[in-house]
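Here is a short briefing on one protein chain. Look at the structure first, then work through the topics below.

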Amino acid sequence: MSSPPRSPALLTDRYELTMVDAALRAGTADRRVAFAVFARGLPAGRRYGVVAGTGRLLDALADFRFGDAELAFLEEHQVVGAETLAWLADYRFAGDIRGYGEGETYFPGSPLLVIEGGFAEAVLLETLVLSILNHDCAIASAASRMTAAARQRPCLDMGARRAHEESAVAAARAAYIAGFEGTSNLAAHARHGVPSAGTSAHAFTLLHDTEEDAFAAQVAAMGAGTTLLVDTYDVPSAIRTAVRVAGTQLGGIRLDSGDLATEAFRARALLDELGAHDTQIVVTSDLDEYAVAALAAAPVDRYGIGTSLVTGSGHPTARLVYKMVARHDGDGTGDGAGDGWVPLAKASAGKASVGGRHWAYRRTREGRAVAEVLRPSPQAGPDERPLDRVLVRAGEIVGVEPLESARERHARSRAELPEQALRLSPGGPVIPTEWV
């Protein structure tokens, strides 16, 4: 039995291929169009979103090809006709893509991506684009709230065991963009360069005859700078044992249960009493941004966050959509601007959209963002910075950048927002979106 096809070209919904098939038969497949990716609104209570996943999308786009295995599958299952199979065999996206840089904050209506090209070549990308961006933006948006609540204390992703194996890798990458220090996931380290860290679980302590034996084995393997898990049995006894085994240069202790604030205060007092003044306290155990904020006054040095991170802290999707916003009529008249583009918009109840191609700008006043401005032409107004980056030009991928650039962009973008953006209380978008 042959292996199933694995190209990202089949990470699509069947209706996209149905539309391509029908458009080829109708002679409209090459009509130039523009699609935009945006969110009609933010998840309930959120004040801003964070762009993530663009780099992963560009990687997938480079491999978006219909090879022999994919074509044989489509033919066997009669998904499309012979004409479309021949067209797919030569498929290469040859259009243009621009959009927000990874790490940038966004708001309702923000055109995170604008995809321009022939209808058939552009519509094929819908599911790939949305599946990557909806997941990664959701994780990055939650992670940004967590790192803001942590107030410069490092956060570590520990969610791999609470997610699909591949989404866990993507989540670690997205969280790193939004300020997480690193991840426990080795695949994220290997593929994306996200720093990795990890020590031991309760099983390691339970394996040994005594807690002291377990600590001694870990210190022998990793040095005194390691972090020891101290809540398997009795926390105060474990802390004393840990300092006795590793000395006052013990790197850290981890608390994974109980009232974390109370335990952290007690642990800090005991560590200081034992002379381990520089030993850090790491807390884990189903943390989210609210739990992190509640620990602000506690002597906690680092947070390990798992389930809430990889599920978007209650919002596992960014609610992004992929909508056609303009069609080129080919006669140079279009909307009256002489460029031939005709704005298109849905009027469906609850799903209305704004038609036309737009370029995005962030208006600031005294260094603070005051509005998201969407213009029908690439021309910035006073005190506006452009948000669009060219990602693909005539089919050539040109927007690849280091992950650190996205991480730095997020830090700048979040710092530019009004102070109320960082509040965890329910609220709407922190700045308005203006179409001009």
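Strand β14 (residues 359-365) is mostly covered, with five of its seven residues buried. Keep in mind that this is a predicted model.

**β14 and its partners**

- Strands of a sheet pair through backbone hydrogen bonds, and the pairing is either parallel or antiparallel.
- β14 pairs with strand β15 (residues 368-375) in the antiparallel sense. Seven bridges link β14 and β15.
- β14 and β15 form a hairpin with two residues between the strands. In this hairpin, E366 takes a positive phi near 55°.
- β14 also pairs with strand β16 (residues 384-386), again in the antiparallel sense. Here there are three bridges.
- Y361 has P386 as its bridge partner in β16.

**β3 and its partners**

- Strand β3 (residues 96-100) is mostly covered too: four of its five residues are buried.
- β3 runs antiparallel to strand β5 (residues 113-118), and four bridges join them. In this pair, G99 stands opposite L113 of β5.
- β3 also runs antiparallel to strand β17 (residues 388-393), joined by four bridges. In this pair, I97 stands opposite V392 of β17.

**A parallel sheet**

- Six strands form an open sheet with parallel pairing. Their order is β7-β6-β11-β10-β9-β8.
- Which strands sit at the edges? They are β7 (182-183) and β8 (227-229), and each pairs on one side only.
- The partner of β8 is strand β9 (residues 252-255), in the parallel sense over three bridges.

**T279: a loop residue**

- T279 lies in the loop between α12 (260-273) and β10 (280-283).
- Is T279 buried or exposed? T279 counts as buried because its relative accessibility is 1%, and buried means under 20%.
- A polar atom of the T279 side chain lies 2.7 Å from the backbone oxygen of L250.
- Leaving out residues up to four places away in sequence, T279 touches T248, L250, G251, G252, I253, R268, L271 and D301.

**N134: a helix residue**

- N134 belongs to helix α6 (residues 126-150).
- N134 counts as buried because its relative accessibility is 12%.
- Which backbone nitrogens does the side chain of N134 reach? One is that of R319, at 3.0 Å. Another is that of L320, at 2.7 Å.
- Neighbours within four places in sequence aside, N134 is in contact with P316, T317, A318, R319 and L320.

**R302: a strand residue**

- R302 is in strand β11 (residues 302-305), one of the strands of the six-stranded open sheet.
- R302 counts as partly exposed because its relative accessibility is 26%. Partly exposed covers the range between buried, under 20%, and exposed, over 50%.
- The side chains of R302 and Q280 are joined by a polar contact of 2.8 Å.
- Not counting residues up to four places away in sequence, R302 touches P154, E181, Q280, I281, V282 and V283.
- R302 and P432 are 130 residues apart in sequence. Their C-alpha atoms are 35 Å apart in space.

**The whole chain**

- How many helices and strands does the chain have? There are 15 helices and 19 strands.
- Along the principal axes, the C-alpha atoms fill a box of roughly 80 × 65 × 35 Å.
- The chain has 436 residues, and 51% of them are buried.
- Take the contacts between residues at least 6 apart in sequence: 73% of them join residues at least 24 apart.
- The chain exposes about 19300 Å². Carbon and sulfur atoms supply 51% of that area.
- The chain carries 44 positive and 55 negative charges. The mean positions of the two sets are 5 Å apart.

Definitions and conventions:
Residues numbered from 1 in each chain as written. Predicted model: local features only at pLDDT ≥ 70, side-chain atom pairs only at ≥ 80, totals over all residues. Heavy atoms only, no water. Buried < 20%, exposed > 50% of the residue type's maximum accessible area, 1.4 Å probe, protein only. Contact = heavy atoms within 4.5 Å. Areas by Shrake-Rupley, 256 points an atom, 1.4 Å probe, with all protein chains shown as cover. Lys, Arg positive; Asp, Glu negative; His and termini not counted. Charge placed at Lys NZ, Arg CZ, Asp CG, Glu CD. Polar contact = N/O pair within 3.5 Å; in protein donor to acceptor, adjacent residues only side chain to side chain. Pairing = 2+ DSSP bridges.
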